[in-house]
Amino acid sequence: MKTTTETPGGDDFAALCRQAWDTLIPARAGYLADVSPHYDEVLHDVAQRTEHTGSLGKTDIAALVVWKRLSAQTRWVTDLMSLPDTQVRAVTERAVTAVRDHTVPRSEAARTGRGIIWELPGFRTGDALASAILTAAAPHRMAVYDRRVQHALDTLGLTLTPTPGRYGRYMQLIDDLLEHGAARAAGWTARDIDTALYWTGRPAPTPSR
């Protein structure tokens, strides 16, 4: 039976997590070698501002839309931009507080933060931009989720379904990978794992003629 992130635990699941590191380690090295070290400057800038302000405003979200290479020509962007920035910050401030709460497990903090971000236009479905916002809020604790990450998880046999609460389960899966990685996981952060998954899930290069 295929082990999934919906039913973690047991020797089979632990073996899958350990085996995943055979892919994660070279993928992370490939990411660092091929992606410009300047690419994440936008994320870092937003994270630094959030560290001081404790919230994200419309300008911060707009920057992360560009960083994630998402389309801004959608109805939700109009709806979001129509809100006062104070209202947006009131929501994101609560989400920031949630993901920085170290009194609860990482997965629970992620699930709570994601539930709060849900209140804003454009965040009712999908986790890509929401995860970027939560990662900017707690860059040493949260991680980014997107289609490439999903493809990588499927490839590794760690299926993450799109049912409600996916982001919290994703962060639990990252904790499981860190736990079962043992010595190989030393020094790795959740963000390191998401970049390795992102690299693993990239489209296969087109063969040259």
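These legends describe close-up views of a predicted model.

**View 1. The largest pocket and its centre.**
The largest pocket has a volume of about 670 Å³. Its lining is made up of 30 residues. Nearest the centre lie Lys68, Leu70, Ala128, Asp146 and Arg147. By class, the lining holds 15 nonpolar, five polar and 10 charged residues.

**View 2. Helices along the largest pocket.**
Three helices each supply at least two residues of this lining: H7 (128–137), H8 (147–155) and H10 (190–200). Helix H10 gives the most, with five residues.

**View 3. The second largest pocket.**
This pocket has a volume of about 530 Å³. It is lined by 25 residues, and those closest to its centre are Leu43, His44, Pro139, His140 and Arg191. Two or more lining residues come from each of helix H1 (10–34), helix H2 (41–53), H7 and H10. H2 gives the most to this lining, with five residues. The lining of the second largest pocket divides into 10 nonpolar, eight polar and seven charged residues.

**View 4. The largest nonpolar core.**
This core has 63 residues. Six of them touch the most other members: Leu64, Phe123, Tyr170, Met171, Leu177 and Leu197. Helix H1 provides the largest share of the core, eight residues.

**View 5. The surroundings of Phe123.**
Phe123 is one of the core residues that touch the most other members. What does Phe123 contact beyond its neighbours within four places in sequence? The partners are Ile61, Trp76, Arg114, Ile117, Trp118, Leu129, Ala130 and Ile133.

**View 6. The ring pair Trp21 and Trp188.**
The structure holds six aromatic pairs. In the pair shown here, the ring centres of Trp21 and Trp188 are 4.8 Å apart. Their planes stand at 75 degrees, over the 60 that edge-to-face requires, so the pair is edge-to-face. Trp21 lies in helix H1, and Trp188 lies in the loop between helix H9 (166–180) and H10. The pair links distant parts of the chain, 167 residues apart. Are these two residues buried or exposed? Trp21 has 0% relative accessibility and counts as buried. Trp188 has 18% relative accessibility, and because buried means under 20%, Trp188 counts as buried too.

**View 7. The contacts of Trp21.**
Trp21 is found in helix H1. Residues up to four places away in sequence are not counted here. Trp21 touches Pro26, Leu177, Leu178, His180, Gly181, Arg184, Ala185, Trp188 and Ile193. Among these partners, Trp188 also forms the edge-to-face pair with Trp21. Ala47 makes a contrast in distance: Trp21 and Ala47 are 26 residues apart in sequence and 28 Å apart in space, C-alpha to C-alpha.

**View 8. The ring pair Tyr145 and Tyr170.**
Which kind of pair do the rings of Tyr145 and Tyr170 form? Their centres are 5.5 Å apart and their planes are at 70 degrees, so the pair is edge-to-face. Tyr145 sits in the loop between H7 and H8, whereas Tyr170 sits in helix H9. The two residues are 25 residues apart, and the pair links distant parts of the chain. Tyr145 counts as buried at 6% relative accessibility. Tyr170 is buried as well, with a relative accessible area of 0%. Tyr170 is also one of the core members that touch the most others.

**View 9. An aromatic cluster.**
Three residues, Tyr31, Tyr198 and Trp199, form one aromatic cluster.

Technical notes. Residues numbered from 1 in each chain as written. Predicted model: local features only at pLDDT ≥ 70, side-chain atom pairs only at ≥ 80, totals over all residues. Heavy atoms only, no water. 1 Å grid on protein atoms, 1.4 Å probe; cavity = no way out; pocket = protein on both sides within 12 Å on 5 of 7 lines; lining within 4 Å. Points joined across faces, edges and corners; volume = space filled by probe spheres on them. Helix = DSSP H or I, 4+ residues; strand = E, 2+ residues; numbered from the N terminus. Nonpolar A, V, L, I, M, F, W, Y, C, P; charged D, E, K, R; others polar. Core = buried A, V, L, I, M, F, W, Y, C linked by side-chain atoms within 4.5 Å. Buried < 20%, exposed > 50% of the residue type's maximum accessible area, 1.4 Å probe, protein only. Contact = heavy atoms within 4.5 Å. Phe/Tyr/Trp six-rings, centres within 6.5 Å; stacked < 30°, edge-to-face > 60°.
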